[in-house]
Amino acid sequence: MLTYPAGWILRCSFALWISIPFQALAESAPQDPQDPASLQRELDAERQEADRLRRRGETAKALRSLTEILGDDPADARARLLRARVRADESDWEAARKDCTKGLADAANSKDSQTRAWESNGVRQLAWLELTLGRARAAREITDAHAAALAPQSDPRDAWLLARVAAAAGERDKARALFESGAATSGDNTWEQWLAKARCERALGNLEAASRSLVEADRVAASGEGMEPDVIAELAAVYFEADGEIAHPEAKGRSPGELLKQALAIHPRHESATLGLFELNRFNWNRQSRSPTEILSEWLRLRPASIEGLLIGASADLDDGQLVSARERIAVLEKLAAGRRELRTLQAALAWIEHREGDARKLLDELGQQD
């Protein structure tokens with residue numbers, strides 16, 4: 001039988017009480033405020049709202065709500081995994097990793113079937129965190145240890161994750177097979193599954209199919225809690241890859257710039273949309289509303305530990321000959337994500353520019369051996 005912490009029960013009981021009109025209270029039969037089914041529904045709604053707040057950029061509110069839940073029940077695996085997402089969005093990497101590790105363990109060991117079903121979510125989150133931090137071997141160990149919780153043949157989210165793990169290990173053929181598996185999935189997917197399917201299709205170079213899947217993801221999201229910035233930003237990236245930002249008949253109505261602005265209107269601190277706008281403005285210098293430098297500088301002031309922001313920034317610095325800034329960003333990345341392949345590529349490029357040919361060749365040889 002499920003048990004509920006006293007503090008959480010008190011919050012839910014009060015919320016239920018004040019939501020019922022006084023006349024209804026007088027006319028209705030007495031209800032048990034600790035009815036397990038009612039309490040579970042309230043707790044599920046509280047978690048769901050916290051995740052919605054995260055996806056709308058209201059991370060402080062989401063973090064506060066989830067921390068309150070965990071204060072009442074530290075073993076709430078679902079709340080802990082959701083808090084890990086919030087912390088990852090804030091680039092609080094080690095706190096996110098700590099939450100995710102415990103959340104995954106609690107979900108895998110839970111006697112409650114609904115909580116145990118979150119094991120796959122925990123695997124995807126923790127393995128992705130390890131990949132983000134450049135720990136490809138750790139990501140492989142996690143997916144191997146929880147292989148039974150993943151279903152790459154039917155769930156494109158699992159296929160996408162396992163393909164990225166394989167790619168990080170230099171296993172190109174295996175990665176391609178997994179991308180193909182994810183692209184081949186069908187059925188009544190959630191918007192997250194349609195998004196993962198589209199990413200698999202894009203990895204295979206099938207941008208037309210990826211676009212269709214993202215349009216479907218957007219339709220599913222809009223019919224639920226509303227349009228999702230993750231979907232909109234991915235669609236913008238697909239259109240930019242297919243068309244650039246050049247006006248021509250085939251690109252009519254497919255403006256990546258407008259899509260990115262739409263995503264940022266929903267979530268003003270969305271990483272993919274912000275960095276997408278930076279890359280778009282570097283590509284098209286006729287965009288004068290904000291300079292690329294301004295966009296990236298503001299983002300890194302807000303998220304100084306943003307690994308993707310630092311990678312994109314260091315690469316742009318090398319392209320522009322801004323070696324001081326490139327060195328500074330590479331130094332931060334060496335502390336945050338030393339194993340990232342992209343970082344080693346940047347290190348090799350910097351070494352070559354600085355006439356350290358031996359160091360550059362060594363790094364490139366290491367990359368070649370891994371691949």
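1. Basis. This is a predicted model, in which local features need pLDDT of at least 70, side-chain atom pairs count only at pLDDT 80 or more, and totals for chains, interfaces and linings use all residues. Residues are numbered from 1 along each chain as its sequence is written, and side-chain values use heavy atoms, with hydrogens and water left out.

2. Confidence. The chain has a mean pLDDT (the predictor's confidence in each residue, from 0 to 100) of 89, and 87% of its residues reach 70 or more. Residues 6-29 have pLDDT below 50, and beyond near neighbours in sequence this stretch has 21 contacts in the model; contact means heavy atoms within 4.5 Å. Where pLDDT is low, the predicted coordinates should not be read in detail.

3. Helices α8 and α9. Helices (H or I, at least four residues) are DSSP runs, numbered from the N terminus. The axes of α8 (residues 119-132) and α9 (residues 136-145) come within 7 Å and cross at roughly 165 degrees. That makes α8 roughly antiparallel to α9 (the term applies to angles over 145 degrees). Axes are lines fitted to C-alpha atoms, for helices over the stretch in contact, with angles from 0 to 180 degrees between N-to-C directions. The crossing is left-handed, meaning that the near helix is turned anticlockwise from the far one by less than a right angle. Val123, Leu126, Ala127, Glu130 and Leu131 of α8 meet Ala136, Ala138, Ala139, Ile142 and Thr143 of α9. By class, this contact has 8 nonpolar, 1 polar and 1 charged residues. Ala, Val, Leu, Ile, Met, Phe, Trp, Tyr, Cys and Pro count as nonpolar, Asp, Glu, Lys and Arg as charged, and the others, Gly among them, as polar.

4. Helices α10 and α11. The axes of α10 (residues 156-168) and α11 (residues 172-184) come within 8 Å and cross at roughly 165 degrees, so the two are roughly antiparallel. α10 passes α11 in a left-handed crossing. Among the contact residues are Trp160 and Arg164 of α10, and Lys174 and Phe179 of α11. The contact divides into 10 nonpolar, 2 polar and 2 charged residues.

5. Helices α14 and α15. α14 (residues 229-243) packs against α15 (residues 256-266) at about 165 degrees, with the axes 8 Å apart. α14 is therefore roughly antiparallel to α15. The contact includes Tyr239 and Phe240 of α14 and Gln262 of α15. Its residues divide into 12 nonpolar, 1 polar and no charged.

6. Aromatic pairs. Rings of Phe, Tyr and Trp (its six-membered ring) pair if their centres lie within 6.5 Å, and by this rule there are 3 aromatic pairs. Phe240 and Phe283 form an edge-to-face pair, 5.2 Å centre to centre with 85 degrees between the planes; edge-to-face means planes over 60 degrees apart. Phe240 lies in α14 and Phe283 in α16 (residues 271-283), so the pair ties together parts 43 residues apart in sequence.

Conventions. Angles under 35 degrees count as roughly parallel, over 145 as roughly antiparallel, 65 to 115 as roughly perpendicular and the rest as oblique. Rings of Phe, Tyr and Trp (its six-membered ring) pair if their centres lie within 6.5 Å; planes under 30 degrees apart count as stacked, over 60 as edge-to-face and the rest as tilted.
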